[in-house]
Each structure stands twice: as structure tokens, then as C-alpha cells.
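I opened the model to look up a few strands and side chains. My notes follow.

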Amino acid sequence: MKFAIDHEQRGLYFHIVGEGVVKLSDRGSGSSHNDKENYIDFRMKLLGESNGRAGGSERTVESDRMIILSPGVHSFPFKLGLPLGLPSTFLGKHGWVQYYCKTALKEPSGLTHKNQQQPFHCEIEDTLGIPCLNSGPVSCRVRLDRGGYVPGESICIFATIDNGSRVTIKKTKAILTETIQYTAKSKIVQSETRELASLQKGRIDAGTTDHWKNELLYIPPLPPTNLRGCHLIKIQYDVYFMLEPKGVDKVLKLQLPIMIATYPIRNSDGTLQRRKGTSYPSTLPIFRPWLSAGKLK
């Protein structure tokens, strides 16, 4: 705080809050599903008579129990240990997990100045039969380099597609999806799946074979799998490998669940293991523009 003249104050208060909220309204029926849980709620008096001390440019006036701050800049350093097991910050369409702090400076007149800010910021193999007359099987083998990643890394995809049928496969595609489940009063009230990133290749003619060799699917800034400590919001990430046969309405899909974490693998000296296609974000997102996009069908 900075003052140009002597300033009388009654106290400086600090409040830190962490909460998870689910809010979902059904316009058709008029019903709503709301729930909330707290992860941290801590209050501290940084300046005032409870401190029991004065010195330097601060002096306590015992007669009216006010604090007089002299002209200049005043800082009030403190440390606060956060409890273990806090879920990560998350912003969804129907709920969120957020952490924020509030400060309040109270004057003798009763006026309170407030401020608020947010400082915390496998291998699968399957044989797929296409229901076409005299059509043979399509064999698809998909492998990822790992089962766990952090935002900023790229998923390395390897695949072999043997088209033993008489049908042309129009394209193959890999997509990264996020599935969010919202729970209120111990009941799942909403579940939605969205496409976050995708990669595709062209046609595979009948009787031929195609390969994916170390194709990179970039992971954007995302909250981690399953917000640990949060019981209202569940997050799951999957990589779907999809084949679209010509003349067949049904898209053939293979599902590979993956884990998204927050701490990348490091070398023995503590430095990051930089891999091809990696660009670690400095922060995870507070606003997520794809939340208003259509759901994955």
C-alpha cells in the first residue's frame, strides 16, 4: 500500500477461498441442480491490534485503537501453507473449481476498501468387420508412446491399418477428447464430451495397408485428469482412432484412455525432458473458448 500522507486504519484483513461449484438448470422442466464444496477457507488479520506489535513507520494509538500509517509504501509479507490434496483450478460450462484471495482495508469511518484476485492460477488391436456383402475384415493396430502426458506435450501415435475388405476407407483420424461429468447431491446431472485436437490422413484403398509412424497430436493447456479432492466434477481424456469406410454410415472407433497430469518428467539433474513437438505452457487456462462449442457426436 502507498500513501501520500498519514493514514488512519483499523485493520488489514486477508481471506483465501477455494471452492468447487456445480450449477445446472433445465429450462424445459424448470428444475435446477446445484452443489458446492469448500477446499480451503482461511482468514488472517495482517494489520491491527491483534498483531500486538508496532514499529518503524507504524504506530498503534491505544486511545482509539487505530493504526496510523506514515507516508510511503507499506508491505505486509506473510506465508501460508496450503493443505495437501487440493484439486486443480478448472472452469467448465456447468461448474468450476477456483481459488481466490480477498483483502479488505478498514478505515475509522467504516469504509472498507476491497480487492480480489486469483493468484493460483497402449497398444490396442481389433479386427473390425464391415457389414458389406463379400467384404473382408479390416485390421487396425494402434499404439501410443505412453499412457500419461502433461499439457504442451505431443502424443506420438503409431498405427497399422490392413484393409482386407473391398471397401475404400475414406480417411483415418485421431482425436483427443475431454469428457466432463458434473455431479450434484451424489447424482450425475450432466455429461459432455468435446474434441480438443485432431489429426487425420487420407484414403486407404481396398486390399492395401497404411501406416501412422510417430504422428504427433498436440495437447493444449488442460486441467488434469480427475480433479483430485473434488467430488463434483470428473474429467476423463481419451484418444479415439477412427476409420471412415466409404458407403458405410457407422464410423469405426478404437478408444485409448490417457492420463493428463501437471508435472512433466524430468532428468536426474531436474531439467525438463524436451521431446519433439513439446512446448510447455506457463499457466493452465482460466478461460476455455471451446466450452461453448458443440458437443462431440
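I started with strand β3 (residues 11-25), which is mostly covered: twelve of its 15 residues are buried. For burial I used relative accessible area, with buried under 20%, exposed over 50% and partly exposed in between (1.4 Å probe, protein chains only). Strands here are DSSP runs of E with at least two residues, numbered from the N terminus.

This is a predicted model, so local features need pLDDT of at least 70 and side-chain atom pairs count only at pLDDT 80 or more, while totals for chains, interfaces and linings use all residues. Residues are numbered from 1 along each chain as its sequence is written, and side-chain values use heavy atoms, without hydrogens and water.

Next I looked up the partners of β3. Strands count as paired if DSSP finds at least two bridges between them. β3 runs antiparallel to strand β9 (residues 95-106) over twelve bridges. There I found valine 21 opposite tryptophan 96. β3 is also antiparallel to strand β4 (residues 32-47), with 14 bridges. Histidine 15 has arginine 43 of β4 as its bridge partner. The β3-β4 hairpin has six residues between the strands, and glycine 30 takes a positive phi near 80°.

Then I checked threonine 183, in strand β15 (residues 169-184). Threonine 183 is buried, at a relative accessible area of 16%. Beyond four places in sequence, I listed its contacts (heavy atoms within 4.5 Å): Val22, Asp35, Ile188, Val189, His231 and Leu232.

Last, the cysteines. Cysteine 140 is buried at 0%, and cysteine 156 is buried at 9%. I searched the whole structure for disulfides (cysteine sulfur pairs within 2.5 Å) and found zero.

Note on methods. Helices (H or I, at least four residues) and strands (E, at least two) are DSSP runs, numbered from the N terminus.
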